[in-house]
Amino acid sequence: MKRTYFAATLVVAWSLTSALTVAADDALSEIKKAGVIKIGTTGDYKPFSYKAADGTLTGADIAMAKDLAADLGVKADFVTTTWKTMLDDFKAGKFDIALGGITVNAARDEVGDFSVPNVTDGKRPIARCEDKEKYTTLDAIDRPSVRVIVNPGGTNDKFAHEHFDEASIQVFPDNKTIFDQIASGRADVMVTDGVEVDLQSKLHASVLCPVAVKEPFTHFQNAYLLREDPALKAAVDAFMRKQLESGGWKEKLDAAMQ
């Protein structure tokens, strides 16, 4: 009786494992069969992904996503997510790919595959221009009088809570207007990805400036988070390499930085 039960348990376990493997390995074929690739993006992170008031999505990664869909012979269906809910939405199957300035990290790597990276960057501070020489080190920022501002749920939030014990950390929910908080004097500094520092300094010319740090506080890469499937990863990687080698990605990023 026990032996029979054990054998049956093994069969069930094997069947479940096989089913999960097939589901994971069939991601690309499912996408092509449906004729649609579902793309999760926050729409609040220039220059990679930004949703305007009329719902229009722009940005370097949005342009890439449209070209990727065309390369796969399917349509792009954009699904709005947030930095705080992205992993849960991804695990729930709400989209096949997440993109838009997504940092490669262990927590995300556990739930999917990462594509070939398209950005190498690091965390740097941005502040009002009169303070650009003031917050040049972590110690200079981590003081009781300093108001650090972050968007919830992403790597900026994580970085701030890991490195600042004395500074006041303000969690501001709208990443589209978060830099206005610094410009207006309601916050002092934000530590974010270098490309965002450079763009927001341009968009808030003479008001916000990159802080004069010797080097970025961190070093990381951005990539696209994919459903686990060797075929899907191979297809996206081939597309990404072609864009990187041809200059297509640089053209899209340069255009989005204007």
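Helix H10 (residues 230–246) and helix H11 (residues 248–256) have axes that come within 4 Å and cross at roughly 75°. Before going on, note that this is a predicted model, where local features need pLDDT of at least 70 and side-chain atom pairs count only at pLDDT 80 or more, while totals for chains, interfaces and linings use all residues. Residues are numbered from 1 along each chain as its sequence is written, and side-chain values use heavy atoms, with hydrogens and water left out.

Some terms: helices (H or I, at least four residues) and strands (E, at least two) are DSSP runs numbered from the N terminus. Axes are lines fitted to C-alpha atoms, for helices over the stretch in contact, and angles run from 0 to 180 degrees between N-to-C directions.

At about 75°, H10 and H11 are therefore roughly perpendicular to each other (under 35 degrees is roughly parallel, over 145 roughly antiparallel, 65 to 115 roughly perpendicular, the rest oblique). Gln 243, Leu 244 and Ser 246 of H10 meet Gly 248, Trp 249 and Lys 252 of H11 (contact means heavy atoms within 4.5 Å). That contact has 2 nonpolar, 3 polar and 1 charged residues (Ala, Val, Leu, Ile, Met, Phe, Trp, Tyr, Cys and Pro count as nonpolar, Asp, Glu, Lys and Arg as charged, and the others, Gly among them, as polar).

H10 also packs with two other helices. Helix H2 (residues 27–34) meets H10 at about 70°, with the axes 6 Å apart, which makes H2 roughly perpendicular to H10. Ala 27, Leu 28 and Ile 31 of H2 touch Ala 231, Leu 232 and Ala 235 of H10, and this contact has 6 nonpolar residues, no polar and no charged.

Helix H3 (residues 60–72) packs with H10 at about 120°, axes 11 Å apart, and that makes H3 oblique to H10. Here the H3 side brings Met 64, Asp 67, Leu 68, Asp 71 and Leu 72, and the H10 side brings Ala 235, Val 236, Phe 239, Met 240 and Gln 243. By class, this contact has 7 nonpolar, 1 polar and 2 charged residues.

On a 1 Å grid over the protein atoms alone, a cavity is a set of points where a 1.4 Å probe fits but cannot get out, and a pocket is an open set with protein on both sides within 12 Å along at least five of seven lines; lining residues have an atom within 4 Å of a point. Grid points are joined across faces, edges and corners, and a volume is the space filled by probe spheres set on the points.

| Space | Volume | Lining |
|---|---|---|
| Largest cavity | about 110 Å³ | 14 residues |
| Largest pocket | about 370 Å³ | 20 residues |

The whole structure has 1 cavity of 30 Å³ or more. Tyr 45, Trp 83, Asn 151, Thr 155 and Asn 156 lie nearest the centre of the largest cavity, whose lining has 2 nonpolar, 8 polar and 4 charged residues. For the largest pocket, the residues nearest the centre are Thr 103, Asn 105, Gly 154, Thr 155 and Lys 158. H7 gives the most to the pocket lining, with 5 residues.

A cis peptide bond, with omega about 5°, joins Lys 46 and Pro 47. Ser 206 has a positive phi, near 70°.
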